[in-house]
Amino acid sequence: MAIPEPKLRFDTDWTYAPAPESADHARIDPQYGLFIGGEFVAPRARGYFETINPASEKALARVARADARDVDRAVVAARRAYERAWSKLRPAERGKYLYRIARMLQERAREFAVIESLDGGKPIRESRDVDVPLAAAHFFYYAGWADKLEYAFPGRRAAPLGVAGQIIPWNFPLLMAAWKIAPALACGNTVVLKPAETTPLTALKLAELMRDADLPPGVVNVVTGAGDTGAALVEHGGVDKIAFTGSTEIGRLIMRRLAGTGRHYTLELGGKAANIVFADAAIDQAVEGIVNGIFFNQGHVCCAGSRLLVQESVAAEVIAKLKERMETLIVGDPLDKNTDIGAINSAAQLEKIRSYLKIGQAEGGEMYQSSCPLPGAGYWCRPTLFTGVAQSNRVVQEEIFGPVLAIQTFRSFEEALDKANNTPYGLSGGVWTDKGAKIFRMTRAIRAGVVWANTFNKFDPSSPFGGYKESGVGREGGLHGLAAYLELR
Amino acid sequence: MAAAVAPRLPALDQVPRVDEVGVEERVARFCSRSIKKESKVQGLKLALSMIDLTTLEGQDTRGKVTQLCQKAIHLRDSLPGLPHVAAVCVYPTMVGVARRALAGHGIRVASVATAFPSGMAPLSVKLEETRMAVQEGADEVDMVISRGAFLEGNFQYVFDEIVAIKEACGPAHLKVILETGELGTLDRVRRASALAMHAGADFIKTSTGKVQPAATLPVTLVMLQAIRDHYHATGRRIGMKPAGGIAKAKLALHYLVMLRETLGQDWLTPDLFRFGASSLANDILMQIEKQLTGAYQSPDYFSRD
Amino acid sequence: MARRKSPAKSGAGATRAGARLPVAKTYKLYIDGKFPRSESGRYYALARGDGGVIANVCRASRKDFRDAVVAARNAQAGWSRASAYLRGQILYRAAEMLEGRAAQFAAELMLQGSAKRQAEAEVTAAVDRLVYYAGWADKYQQVFSTVNPVATSHFNFSVLEPTGVVAIIAPEKSGLLGLVSNVAPAVAGGNTCVALASRSLPLSAVSFAEVLHASDFPAGVINVLTGFREELVEPFASHMDVNAIVCADLDARGARRVQELAADNIKRVVLRGGTNWSSAAAQGPYAIGDTQETKTTWHPIGA
């Protein structure tokens, strides 16, 4: 399926000069301790690790590595804050703290966006236009719930759970912190947050911001480290609830660890979403949706539309347009305002993606990558398509978590639906058609927690998010997201 | 080549559907491109070279048109290396005036025709007007489609009319104005674009400038995508002209970003892209001056004709 | 040979000459709308206090469970698409059927050791519970669905959908009401289910299956097994085609094991230990919500 001749040429004489966002006013300390009981403290035993900029492979800061005793300190601080301060506070006052945090985040939005892009590799356009504004919006949304919980669950009385242990991933470091912290605090819980090892900085900056907001000490604690730090948090008996976002593999481990403890958990896990394009779709917007579905945030998105299912009669056209569109995607410096696709988050993740590129080709898939130049240092992956693949191929079945799209064709509605649901995952899905009745039939039949019709990868604090099947348990966002942090009596 | 085949009305129900919200999202992405420094100057000069400097008033006089042509020739003589605008666009009765005023300067003369702006006249009148404009020396004819017939669903009539006008144009290039502000939906814009291109338009153009909304980024994107599809299907490069409401240099750059990322290198030329505008030129000149001097400019320092 | 007593005619053997021998009921499994014996051929004898045998009850095997899950899965698409009104009507029909057989169920409960008043109260409570959930079938969606005011130009709404196939470990000490209290919310919400009856009080579960059978429930929507928890809990919890497991009253060790195994496919685990099934608190729309998924749909608003 080649691009129709004649081809359009995007190697234009007129191009965009570098437009780097200034990093001058983004303050990153050389070293960060653990945020426990309202202050940054040194880790007891395990010292510090470096967090690096994946676009340059240069160190940004040294960050404390928490061991089980550090985690215990944080849990004790959270428990004390829960018992002595947070649970005693009038709900409306809890809400006002959250409003204040939202406002301060808006004030410092540019700084947070820059640090998010430096630490995680995502393009500044996304951290500026998506991550940071949505994080602030999330605090703003849940702030208002704090004193209205009795209206959320008719016939039940809602009570906080206590101390929530929250483990978040590296793909949306600040946004996931907001998704976790805002509803937890609104519902009256206190928090021990474990950011991802490769992207701890914005969570630490958020801790700083919360301190500046005079949030009572211990209400939010941040313990940095790797998987063992997270495991210590899961193991800790003083934690009443674990909220985890990450891989299904780790989610399973957490579920097993929590078995029999009576402790609550919500899990937001992997996905391999089908993005279904019917022949009667608005094709050009569908192509945009496909691009947004798989190349947003370098494809480091659990709900990415990583499986394109396109109806055979328009497959050639859609794929040709997609390839053309990919030629206009700019891969490079995350701080450049014109960058569409930033750096892959870590060397390990790049390695994983590359291994899938090999697997896909070995399985007989035809790989296509755009021709954009890549920077020298740093971790990069061109936007990639696989055609000629099938449900039986690993690149179709497994979550790659990179800018890699597997394309399959279908003939009928039933075939599309069957392929879409033929997965252990069930986080998201997409459907593109101009026919209203077909939209409702398909969106109802897709077994997934979020279905985008004629759009993709949209998020909002008022919109519940979470998966069916192996994509997780529970919802985050909206009224439904409150249930994750409440006991209903 | 398709050119040898008699034009036939395309199956408009086969024209791709358009989702308005998706178009707006895409447009927002173009607008978030950051165009700085040398790329800004280059873009501004390119935009300048694409302007159809326009006066289309009932009160137009030979004097007014002559002055406008002077502006076209002498955009800002103190700034070396500026391109000239692509064309001066006037009513048919002013074509001769513009022709004489622009002689030898490489600036084309465009004339509106076909009972501009409403198009509410019999075909015979439209044909006569078109022939007259071309005889007077118009290099380009900007016709309006019969929106009433289009909205009635009489697509064949609209199509045949364009075919006839195209023939009447002879060697002159034909720009077909869809008057998108009266078509109502992006779906109709897309269909009208396909219809006009198949009928023989050399350019498709958004608006007369007499109806609001005139050119918008979403409408232009839909038309550019129609042009792209037509190119892939036929190999013919059709030009695009957004007209009306484009007064600021920054907005012009947004259009160019959209053009660059939708149609690419081959369309980044006045041969295939125009801005129908009157005050845009001065805003671009002010921006170029600012880029060169570093100081923000005042309109008092830029000639208005 | 075990001495067998008809549950319907408790204690009435045909010992006297000329007396009629009661026809005893064979208690079987309920799978896919049929009443098979366990494929394993195994049974366990349900004993009375005096050591007499009330009935030989099927001791379902892992394979029986597997068959039941297949039936439940096959029934899932149709049942989840059935209108809420229809689901409510069928649940109400079950209530009608149960009411009509109240005496039989009371007698069965008494045979298994309940006092008369207690038995009658349990049956009427079970009828009322069915009516209660029949009423919820077309209402919980309205209580729990939302239209979400997102900031972009999209229509965004969240609705509940059944999680799929639900495995239910019914309460040990509430043979009829406990079973009904866990099965009804699952199927009211469009799930299909496989329930393991109380081991010590299995008779009403099998008889309840007969009620279900007469109540227009499509085959496979509700499947009832009798047997031993200790050998069935693990297959229940580990089956990869089961979406949720409801444990009405498991001991700590059992609950832990269920949760560990449920992790294999991230099953939803619902623990309802400590519930007093005859209390009003044992029912509610939140019990339906326990085996529901929230689906959020986005669509642009434009022309």
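What share of the contacts in chain B with a separation of 6 or more comes from residues 24 or more positions apart? In this predicted model, such residues account for 75% of those contacts.

**Chain B**

Chain B contains twelve helices and eight strands. A compact globule with 305 residues would have a radius of gyration near 19 Å, and the value for chain B agrees with this. Further values for the chain are listed below.

| Property of chain B | Value |
|---|---|
| Radius of gyration | 19 Å |
| Span of the C-alpha trace along its principal axes | about 55 × 45 × 35 Å |
| Share of the 305 residues that count as buried | 55% |

**Contact between chains A and B**

Chain B puts 29 residues into the contact, and chain A puts in 27 residues. On the side of chain B that touches chain A, the elements giving two or more residues are helix 1 (20-31), helix 2 (37-49), helix 10 (217-234) and helix 11 (249-262) of chain B. Helix 2 of chain B gives the most, with six residues. By class, this side of chain B has eleven charged, eleven polar and seven nonpolar residues.

**A sheet in chain A**

Chain A has an open sheet of three strands in the order 1-5-4, with mixed pairing. Strand 1 (31-32) and strand 4 (48-53) of chain A stand at the edges; each has a single partner strand, so one side of each is left without a neighbour in the sheet. Strand 4 of chain A runs antiparallel to strand 5 (residues 58-64) of chain A, and six bridges join the two. Thr51(A) has Ala61(A), in strand 5 of chain A, as its bridge partner.

Conventions
Residues numbered from 1 in each chain as written. Chains lettered and ligands numbered in written order. Predicted model: local features only at pLDDT ≥ 70, side-chain atom pairs only at ≥ 80, totals over all residues. Contact = placed C-beta atoms within 7 Å. Helix = DSSP H or I, 4+ residues; strand = E, 2+ residues; numbered from the N terminus. Nonpolar A, V, L, I, M, F, W, Y, C, P; charged D, E, K, R; others polar. Rg over C-alpha atoms; globule rule 2.2 N^0.38 Å. Buried ≥ 20, exposed ≤ 12 C-beta atoms within 10 Å, placed from the backbone. Pairing = 2+ DSSP bridges.
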